[in-house]
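Student: Could you take me through one part of this model in detail? I would like the cut-offs behind each term as well.

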Amino acid sequence: MSDFPADGRRTCAPTGDDDLRRPLEVKPERDIALDPLLRSRAEVAEHGPATWEEGESVMSMKERVEQFIEQGHAEGMALAMAQATIELYETRFGLMPPALRSAVEATHDLKTLRTWLLLAGAGTREVLHDSVSAGSSARSS
């Protein structure tokens, strides 16, 4: 069976911009590569990596993925805590001054943000202002 349509034109290579948006009808390269790739993946899953380098590559990839996940989690937590601090402050004291808001939004240290969140909820406006001012001046030094 031929990989070419009756008109002799391969449809797996785009011929214009509109071809990039539609699925490819003939995909012999994918069919050729898919079977060996699936077999290789099954062998590694069943028997483990064939070489030390392959094992190291798999481990370093897993470690990088875990690091990215941890980093994303920490950044998400910091963003959520900063937003919660601002919302709680504004609920209790009214609009947060722009300089204070900027300092809170620029902070990524979870311990510091937790302290500020607790102060926004249970402290006074002045204590929170002093804490944020001290924290932002320490960061800029």
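Tutor: Happy to! Let us begin with a polar contact (a pair of N or O atoms within 3.5 Å; within protein, one must be able to donate a hydrogen and the other to accept it, and residues adjacent in sequence count only if both atoms are side-chain atoms). The backbone oxygen of Ala 103 lies 2.8 Å from a polar atom of the Thr 107 side chain.

A word on the ground rules. This is a predicted model, in which local features need pLDDT of at least 70 and side-chain atom pairs count only at pLDDT 80 or more, while totals for chains, interfaces and linings use all residues. Residues are numbered from 1 along each chain as its sequence is written, and side-chain values use heavy atoms, with hydrogens and water left out.

Thr 107 sits in the loop between helix 4 and helix 5 (110-122); helices here are DSSP runs (H or I, at least four residues; strands are E, at least two), numbered from the N terminus. Thr 107 counts as buried because its relative accessibility is 3%. The classes are buried for under 20% relative accessible area, exposed for over 50%, and partly exposed in between (1.4 Å probe, protein chains only).

Now for helix 4 itself, residues 98-106, where Leu 100, Ala 103 and Val 104 are buried. They cover an arc of only 95 degrees around the axis, so they lie on the same side of helix 4; the arc is that of the directions from the helix axis to the C-beta atoms. Pro 98 and Ala 99, on the other side of helix 4, are exposed.

With 6% relative accessibility, Leu 100 counts as buried. Setting aside residues up to four places away in sequence, Leu 100 touches Tyr 89, His 129 and Val 132, a contact being heavy atoms within 4.5 Å. Leu 128 is 28 residues from Leu 100 along the chain, and their C-alpha atoms are separated by 9.4 Å.

Stepping back to the whole chain, there are 6 helices and 0 strands, giving the pattern α-α-α-α-α-α along the sequence. Of its 141 residues, 18% count as buried. Among contacts between residues at least 6 apart in sequence, 49% join residues at least 24 apart. The accessible surface comes to about 10400 Å², and 59% of that belongs to carbon and sulfur atoms; areas come from the Shrake-Rupley method with a 1.4 Å probe, and for residues only the protein chains shown count as cover.
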